[in-house]
Amino acid sequence: MPNGSLLRADPSQPIHAGQLVAVVLKQEGSFKGFSTSLEGNDLLGVTKVFLGRTETAKGEWVYLFGQFDPPSVLIVPRKGLEAMHLIADGKPPHENDINKEALAETMDLLSPFIRGGTSEPIGPNWRPNGELQ
């Protein structure tokens, strides 16, 4: 989603692979630096494509998220997630800010990493502080 987009997350709906999600990382552990940098830029979290989840060789659940620009995959252990909510609705600042051809190309690049499946929301009671609620 372009910067400045207005999004509405729904913490009550299940999330299917391929859907947009709002991801809030815990401010501790291996994602502390990334999470702190988001907060320093007045961002609550990130919007990603949920690609699914899988288990590591040691039995830890990890969640796979796709990023659009540049196309890449982010792997986050369950213990690093504060919240993951379905993006139920959204509007870019300008409709022409979305390049549909580039979006289709990125989704094709991410397609080998889609694990499928459904996940329940993480942190369904989590809400942002302040006026963004």
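Which residues form one aromatic cluster? That is what I will talk about today. Please keep in mind that this is a predicted model. The answer is F50, Y63 and F65.

I will start with the strands around them. Strand β3, residues 20-25, pairs with strand β4, residues 46-55, in the antiparallel sense, over 4 bridges. In that pairing, L20 stands opposite V49 in β4. Strand β4 is also joined to strand β5, residues 61-67, by 6 bridges, and these two strands again run antiparallel. There, G52 stands opposite L64 in β5. β4 and β5 make a hairpin with 5 residues between the strands, and in this hairpin G59 has a positive phi near 90°.

Now the core. The largest nonpolar core has 13 residues, and those touching the most other members are V21, V23, F50, Y63, F65, L81 and M84. As general background, nonpolar side chains in soluble globular proteins tend to be buried together.

Next, the rings. Searching the whole structure gives 2 aromatic pairs. In one of them, the ring centres of F50 and Y63 are 6.3 Å apart and the planes are at 40°, so this pair is tilted. It links distant parts of the chain, with F50 in strand β4 and Y63 in strand β5, 13 residues apart. In the other, F50 and F65 have ring centres 6.3 Å apart and planes at 55°, so that pair is tilted too. Here F50 in strand β4 and F65 in strand β5 are 15 residues apart.

F50 counts as buried because its relative accessibility is 1%, and F65 counts as buried because its relative accessibility is 0%. The cut-off for buried is under 20% relative accessible area.

What does Y63 touch beyond its neighbours in sequence? Leaving out residues up to four places away, its contacts are F50, G52, R53, L74, I75, V76, R78, L81, M84, S119 and I122. R53, from that list, has its charged end over the ring of W61, 4.0 Å from the ring centre.

L7 lies in strand β1, residues 6-10. L7 has a relative accessible area of 33%, so it is partly exposed.

How values were computed
Residues are numbered from 1 along each chain as its sequence is written. This is a predicted model: local features need pLDDT of at least 70, side-chain atom pairs count only at pLDDT 80 or more; totals for chains, interfaces and linings use all residues. Side-chain values use heavy atoms; hydrogens and water are left out. Buried means under 20% relative accessible area, exposed over 50%, partly exposed in between (1.4 Å probe, protein chains only). Two strands pair if DSSP finds at least two bridges between them. A nonpolar core is a set of buried Ala, Val, Leu, Ile, Met, Phe, Trp, Tyr and Cys residues joined through side-chain atoms within 4.5 Å. Contact means heavy atoms within 4.5 Å. Rings of Phe, Tyr and Trp (its six-membered ring) pair if their centres lie within 6.5 Å; planes under 30 degrees apart count as stacked, over 60 as edge-to-face and the rest as tilted. A charge sits over a ring if NZ of Lys or CZ of Arg is within 6 Å of the ring centre and within 35 degrees of the ring normal.
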